[in-house]
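Welcome! Please take a look at the chain shown below, and then let us walk through its helices together.

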Amino acid sequence: MFRPLGRQGAREDPQADSSVSPLLHLEAKIQQTHSLARLLTKYAEQLLQEYPLCWQECATCEMGKLRPQERGGGLSSQRMSRAAVAPPEAALTAASPQVQHQGDPFGLPGFSPPRPPVAGLSAPAPGHAGLPVPERLRLDAAALAVLPPLLDVVRRRQAELNPRAARLLRRLEDSARQARALGAAVEAVLGALGAETGGPRPEPAAAAAAIAAAATGGVFPAKVLGLRVCSLYLEWVSRTEADLGQLAPGGPA
């Protein structure tokens, strides 16, 4: 069982001197990777908040094209199809001002955003936190390997739908690059711990191709799918941060 690393007592045994440097190197690597994951969690939260700002403009324009009888009263099939553009599940709720500004059905009580499946990637399993730390880190690394190409697909689709949303496009590009960096750092930690990094993994290219095909199904489904990818990015980087915290000095034993 892996436990948090610490320096206490490391120099008390003269025979252990030769191992001090590798231990300190491992400790530093874990601390650096944990700090990177913490930083990227904040960036992922910002991305998830940025995404619907661009989305709101498009949704409002589309809603504005509806005939008056479609804007009032019950939900027509056309409006129900637009319900697929839901607020970010991890950042917005039906009571938030941004959702209300988009009009019905987004501001209706009880309206819940859909969570379309993303090929090759799912949210962390409910039992993830109960797994051994190396196994958790292996799952984190596998998810982080899939996320960059998915974020790249979202960015390219957003560039078509919202070419003037420069900040959003930049955040998506940065997020893909940062996910690659965090994934490589987690792999390095696993290697330093002597843990195996192999095992079956989703094919990033296949997952990207599948989501690219799904994103061509229409403007609103594409935006919902992009939203879901951004949400999964936040879930996995925050999960990685928590998992690395189990190994960082001062973490729980």
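At what angle do helix α5 and helix α8 pack, and how far apart are their axes? In this predicted model, helix α5 (residues 133-161) packs against helix α8 (residues 219-245) at an angle of about 150°, and their axes lie 8 Å apart.

## Overall make-up

Let us step back to the chain as a whole. The chain holds 8 helices and 0 strands, and, read from the N terminus, its elements follow the order α-α-α-α-α-α-α-α. The chain has 253 residues, of which 43% count as buried.

Among contacts in the chain with a separation of 6 or more, 80% come from residues 24 or more positions apart.

## Confidence in the model

The average pLDDT of the chain is 74, and 60% of the residues score at least 70. Over residues 7-12 the pLDDT falls below 50, and this stretch has 7 contacts in the model beyond near neighbours in sequence.

Where pLDDT is low, the predicted coordinates should not be read in detail.

## Helices α5 and α8

Back to the pair we began with. An angle over 145 degrees counts as roughly antiparallel, and α5 and α8 pack at about 150°, so these two helices are roughly antiparallel to each other. In this pair, α5 passes α8 in a left-handed crossing. The residues of their contact divide into 18 nonpolar, 3 polar and 6 charged.

## Helices α5 and α6

Helix α6 covers residues 166-193. The axes of α5 and α6 come within 8 Å and cross at roughly 160°, and α5 and α6 are therefore roughly antiparallel to each other. Here, α5 passes α6 in a left-handed crossing. Sorted by class, the contact of α5 with α6 has 19 nonpolar, 3 polar and 6 charged residues.

R156 sits in helix α5 and counts as partly exposed because its relative accessibility is 45%. Its C-alpha atom is separated by 9.4 Å from that of L172, and R156 and L172 are 16 residues apart along the chain.

## Helices α6 and α8

How do the axes of α6 and α8 cross, and within what distance do they come? The axes come within 12 Å and cross at roughly 30°. Angles under 35 degrees count as roughly parallel, which makes α6 roughly parallel to α8. In this pair, α6 passes α8 in a left-handed crossing.

The residues that meet can be named. From α6 come L172, S175, Q178, A179, L182 and V186, and they meet C230, Y233, V237 and T240 in α8. By class, this contact of α6 with α8 has 7 nonpolar, 3 polar and no charged residues.

## A181 in helix α6

One last stop is A181, whose place is in helix α6. Is A181 buried or partly exposed? At 40% relative accessibility, A181 counts as partly exposed.

Conventions:
Residues numbered from 1 in each chain as written. Predicted model: local features only at pLDDT ≥ 70, side-chain atom pairs only at ≥ 80, totals over all residues. Heavy atoms only, no water. pLDDT = per-residue confidence, 0-100. Contact = heavy atoms within 4.5 Å. Axes fitted to C-alpha atoms, helices over the stretch in contact; angles between N-to-C directions. Helix = DSSP H or I, 4+ residues; strand = E, 2+ residues; numbered from the N terminus. Parallel < 35°, antiparallel > 145°, perpendicular 65-115°, else oblique. Left-handed = near helix turned anticlockwise from the far one by under 90°. Nonpolar A, V, L, I, M, F, W, Y, C, P; charged D, E, K, R; others polar. Buried < 20%, exposed > 50% of the residue type's maximum accessible area, 1.4 Å probe, protein only.
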